[in-house]
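Student: I've got a model open and I'd like to talk through its insides. Can you take me through the core and the cavities?

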Amino acid sequence: MIKKTKAWVTENGHYQDPVLALKEVASAASVDLTSDDLEEIASLMHENGTRWLKERLDDASSSHLKPADLQDDILMAKRRVRDELVKRRVPEDKASDMADMWCSRAPVELQGRMVGHWSISACPWLYDKQRDAIKEKGVVDFFNKSHSWVDKVITQEQGWSVLSKLRKRTWLHTGNTFIRPKTGADVTAGIGPGFRKPDAVLMDDTRPMESIEWTDIISALEIKYRNTKGLMDEATKYMSEIGRLVLTNQVNRRYFVGLLLLGADLYVCVYTRGGSSITTPIDIYRDSDDFLNCMSWFKHVDLEFLGYDKSITRDDHGFLTMSLRGEAESARGAMADIIS
């Protein structure tokens, strides 16, 4: 389903896939390249392009080159592509033509670099020098769009009748909104529930922002404009606080799963009552399949896999109750379930 979604977003111009573009160029030139060749060349150029973008941010230079410098840089990129094609036994004249055709497809934002990326109409440009609250809202909207794209493909495959069965979870931008502790909680306690403003939260339903409590939060997203050690430390520390507040307020939560987005790098964080862990990043520009899979998982996975203890439920009066398993199960198994 994810591969079909990737194909759909590419066909509809939401995602610019350098591998597909190179394949089309090779086909037009009647050059036979293996899938591994296409992937290797596209991956190499993506890494070079993103490294260039990050370096220009690091040294505070303009990300937009002067026309003369840009022309020299594009020629250098084309030579690199040509050399990679020649290594794979493509005749030099055809390799030069293919490099010209492929690199000419790079949009203005990439300054001549062939980097996999989402269209600006779908997702804001993710390499920045400073925080941009408007772009943060655009990122949250992009996450919700990715949900809708997956749902669209599901309904195309299984029929529109399945739409009513799909979960309605939504990311809400909360960068300017304090999430409140559970009603009635002692906010003066030493490790009290506290108030925080995560950039976005995942909810099962929509409600007025001022009424959202930590008990309502399924997941949270923290956004930073770049991936640097300082911003990473800041983001992980803040998300740890979010995880603590969720676990403090949700007694039916065994663990909490959150997201960090630093530039184009997406991390999944897991917080338990005994520790935490964080994944290696997904480059959402290059690893679009992994990104769509991650977004689909957060929307559609059963709450148990997002850390909820489904044996604890809330009754019509708001009281929590615990349902042990059937009588056939041993007392030892029931106690293990309670304390896990």
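Tutor: Contact here means heavy atoms within 4.5 Å. This is a predicted model, where local features need pLDDT of at least 70, side-chain atom pairs count only at pLDDT 80 or more, and totals for chains, interfaces and linings use all residues. Residues are numbered from 1 along each chain as its sequence is written, and side-chain values use heavy atoms, with hydrogens and water left out.

Student: Leaving aside neighbours within four places in sequence, which residues is Ile 284 in contact with?

Tutor: Ile 284 is one of the residues touching the most other members of the largest nonpolar core, which has 41 residues. Such a core is a set of buried Ala, Val, Leu, Ile, Met, Phe, Trp, Tyr and Cys residues joined through side-chain atoms within 4.5 Å, buried being under 20% relative accessible area with a 1.4 Å probe, protein chains only. With the sequence neighbours set aside, its contacts are Trp 118, Leu 126, Phe 142, Leu 261, Ala 264, Leu 266 and Phe 291.

Student: Which element gives the most to this core?

Tutor: Elements are DSSP runs numbered from the N terminus: helices (H or I, at least four residues) and strands (E, at least two). Those giving two or more residues include α3 (35-58), β7 (265-272) and α8 (288-300). The top contributor, with 6 residues, is α6.

Student: And which element gives the most to the lining of the largest cavity?

Tutor: A cavity is a set of points on a 1 Å grid over the protein atoms alone where a 1.4 Å probe fits but cannot get out, and lining residues have an atom within 4 Å of a point. Here 14 residues line the largest one, with Asp 128 and Lys 135 among those nearest its centre. Both α6 and β5 supply at least two, but the most, 3 residues, come from α6.

Definitions and conventions
Buried means under 20% relative accessible area, exposed over 50%, partly exposed in between (1.4 Å probe, protein chains only). On a 1 Å grid over the protein atoms alone, a cavity is a set of points where a 1.4 Å probe fits but cannot get out, and a pocket is an open set with protein on both sides within 12 Å along at least five of seven lines; lining residues have an atom within 4 Å of a point.
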